[in-house]
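Thanks, everyone. Please have a look at the model first.

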Amino acid sequence: MGRTLAEKVWDDHVVRRAEGEPDLLFIDLHLLHEVTSPQAFDGLRENGRRVRRLDLTIATEDHNTPTLDIDKPIADPVSRAQLETLRKNCAEFGVRLHPLGDVEQGVVHVVGPQLGLTQPGATVVCGDSHTSTHGAFGALAFGIGTSQVEHVLATQTLPMTRPRTMAITVEGELPDGVTAKDLILAIIARIGTGGGQGYVLEYRGSAIEKLSMEARMTICNMSIEAGARAGMIAPDQTTFDYLEGRDHAPEGEEWDAAVAYWRTLRSDDDAVFDAEVFIDAAALSPFVTWGTNPGQGAPLSASVPDPASYEDASERHAAERALEYMGLTAGQPLRDIRVDTVFVGSCTNGRIEDLRAAADVLGGRKVAGGVRMLVVPGSVRVALQAVEEGLDKVFKQAGAEWRHAGCSMCLGMNPDQLAPGERSASTSNRNFEGRQGKGGRTHLVSPQVAAATAVLGRLASPADLTDASATPAPAGV
Ligand SMILES: CC(C)[C@H](C(=O)O)[C@@H](O)C(=O)O
Ligand code: SF4
């Protein structure tokens with residue numbers, strides 16, 4: 001019988017299999033950041049262990065890093081301690097670290113792919129749920145807990161139970177103005193935040209094949225928000241073109257051999273998935289969340305749903321509670337929701353194409369009065385590229401703040417936070433209560449919707465912008 005992509009990569013990494021026990025997998029790439037690594041290093045130290053494969057281990061600073069005044073001492077004592085601990089641990093154990101100020105620093109899931117470390121057919125782990133991002137390359141990428149981080153540091157292996165597989169087939173053309181973010185929000189609204197539980201999702205179909213690598217990363221990134229263990233997309237020419245020439249990509253004959261292997265990494269025609277979902281790309285439109293989990297979303301053209309319309313009691317209660325927290329009323333058009341903050345960034349939508357898309361909408365326009373807009377590149381490399389293209393100027397001229405790379409307002413672990421009651425349109429991936437600051441209210445959106453929302457001060461798509469709000473974009477943009 002044929003095998004799925006996930007099964008192929010899994011089988012190629014089993015170093016020990018025994019009846020009734022989890023498989024022991026070899027891990028090709030272990031990414032670390034400051035939040036989930038301290039106890040893992042403590043464990044190694046207590047047991048007198050070293051890091052088994054320094055060549056497959058790399059760390060970056062992202063969650064606790066400030067996005068302003070990065071040359072000054074870090075004011076927040078918790079953040080400072082987290083970063084100092086990571087630096088000390090990496091120095092002691094010999095782990096390669098890209099600290100704040102380094103040209104390769106950035107959000108861990110932006111850094112891995114851009115260095116060419118994330119490759120098709122690899123097993124990738126990180127003590128971070130959004131490790132699923134790397135599945136966009138046809139890697140099997142899992143978020144792991146701190147005790148597993150210690151296990152991988154010590155052994156470069158991980159015991160894991162074999163996941164089930166779900167195919168999410170997206171056929172047809174995405175309409176103009178509909179992005180990967182809209183697609184994944186619509187998928188999660190459809191299958192629910194628990195719909196992917198226990199599964200590795202494989203996104204496939206003509207609409208997925210047409211997506212750029214960056215868009216594929218946006219999709220795989222949010223697999224975890226559907227409860228899935230991982231998300232994957234079969235590697236193809238788009239993947240190979242993205243990787244070729246990157247720092248850690250193979251070269252010469254090794255490249256040819258790698259591509260030949262990577263081309264085999266597709267689900268066989270007769271492979272059987274444990275579950276299948278079909279999505280019609282042509283039926284989608286810009287999508288935003290109204291609630292407090294990523295599954296509580298709707299087309300921007302819709303209204304805040306009436307909790308009474310939910311048959312399922314727990315969904316009804318969740319919707320009631322969400323509307324109360326979000327300060328929304330059933331029936332209110334989503335386009336009428338006013339925001340005071342717009343955040344463009346994160347490992348979901350903080351890459352160069354996302355910044356280009358936001359700048360394209362903002363070019364020659366102004367952020368509405370009373371709205372603060374933060375643009376935070378996912379990595380220093382993304383920032384440098386954006387500056388080279390003049391995107392930073394577009395943002396600044398529009399009245400947005402151009403910040404240093406990091407997780408920033410995706411979550412409140414650094415100074416970039418919402419105040420209680422403040423409302424954001426955010427290109428990140430989680431809209432949980434308090435995620436962007438205590439009492440803050442988050443609407444998840446695409447970069448295009450974020451930019452249009454910044455201009456109008458209410459949830460909007462670029463199509464809502466009248467020509468009157470635009471003057472010609474500066475040359476070169
Ligand atoms: C802090 C970290 C462990 C966490 C995660 O696992 O995803 C964070 O990155 C997030 O996005 O919530
Ligand atoms: S950008 Fe957000 S989602 Fe991504 S790793 Fe950082 S905190 Fe987590």
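By class, the shell around ligand 1 comes to 2 nonpolar, 5 polar and 3 charged residues. Bear in mind that this is a predicted model. The residues surrounding ligand 1 are Val-35, Thr-36, His-63, Gly-127, Asp-128, Ser-129, His-130, Met-413, Arg-430 and Arg-435.

Which side chains put a polar atom close to a ligand oxygen? Arg-435 has one at 2.7 Å from an oxygen atom of ligand 1. For Arg-430, a side-chain N or O atom is 2.8 Å from a ligand 1 oxygen. His-130 has a polar side-chain atom at 3.3 Å from an oxygen of ligand 1. On its own, ligand 1 has 320 Å² of accessible area, and the protein covers 81% of that.

Where does ligand 1 sit relative to the domains? Domain 1 (5-275) and domain 2 (288-466) both contribute to its shell, so ligand 1 lies between them.

Next, ligand 2. Around it are His-63, Val-107, His-109, Asp-128, His-130, Ser-346, Cys-347, Cys-407, Cys-410, Leu-411, Asn-429 and Arg-435. That shell splits into 5 nonpolar, 5 polar and 2 charged residues. Domain 1 (5-275) and domain 2 (288-466) each supply at least three residues to the ligand 2 shell.

Last, the strand. S12, residues 275-280, has Ala-275, Val-277 and Ile-279 on its covered face, while Glu-276, Phe-278 and Asp-280 make up the uncovered one. S12 pairs with S9, residues 164-171, in the parallel sense, over 6 bridges. Within that pairing, Ile-279 of S12 is the bridge partner of Val-170.

Key: Residues are numbered from 1 along each chain as its sequence is written. Chains are lettered from A and ligands numbered from 1 in the order in which they are written. This is a predicted model: local features need pLDDT of at least 70, side-chain atom pairs count only at pLDDT 80 or more; totals for chains, interfaces and linings use all residues. Side-chain values use heavy atoms; hydrogens and water are left out. A residue is near a molecule or strand if one of its heavy atoms lies within 4 Å of it. Ala, Val, Leu, Ile, Met, Phe, Trp, Tyr, Cys and Pro count as nonpolar, Asp, Glu, Lys and Arg as charged, and the others, Gly among them, as polar. Domain bounds come from an automatic or database domain assignment. Buried means under 20% relative accessible area, exposed over 50%, partly exposed in between (1.4 Å probe, protein chains only). Helices (H or I, at least four residues) and strands (E, at least two) are DSSP runs, numbered from the N terminus. Two strands pair if DSSP finds at least two bridges between them. A polar contact is a pair of N or O atoms within 3.5 Å; within protein, one must be able to donate a hydrogen and the other to accept it, and residues adjacent in sequence count only if both atoms are side-chain atoms. Accessible areas come from the Shrake-Rupley method with a 1.4 Å probe; for residues, only the protein chains shown count as cover.
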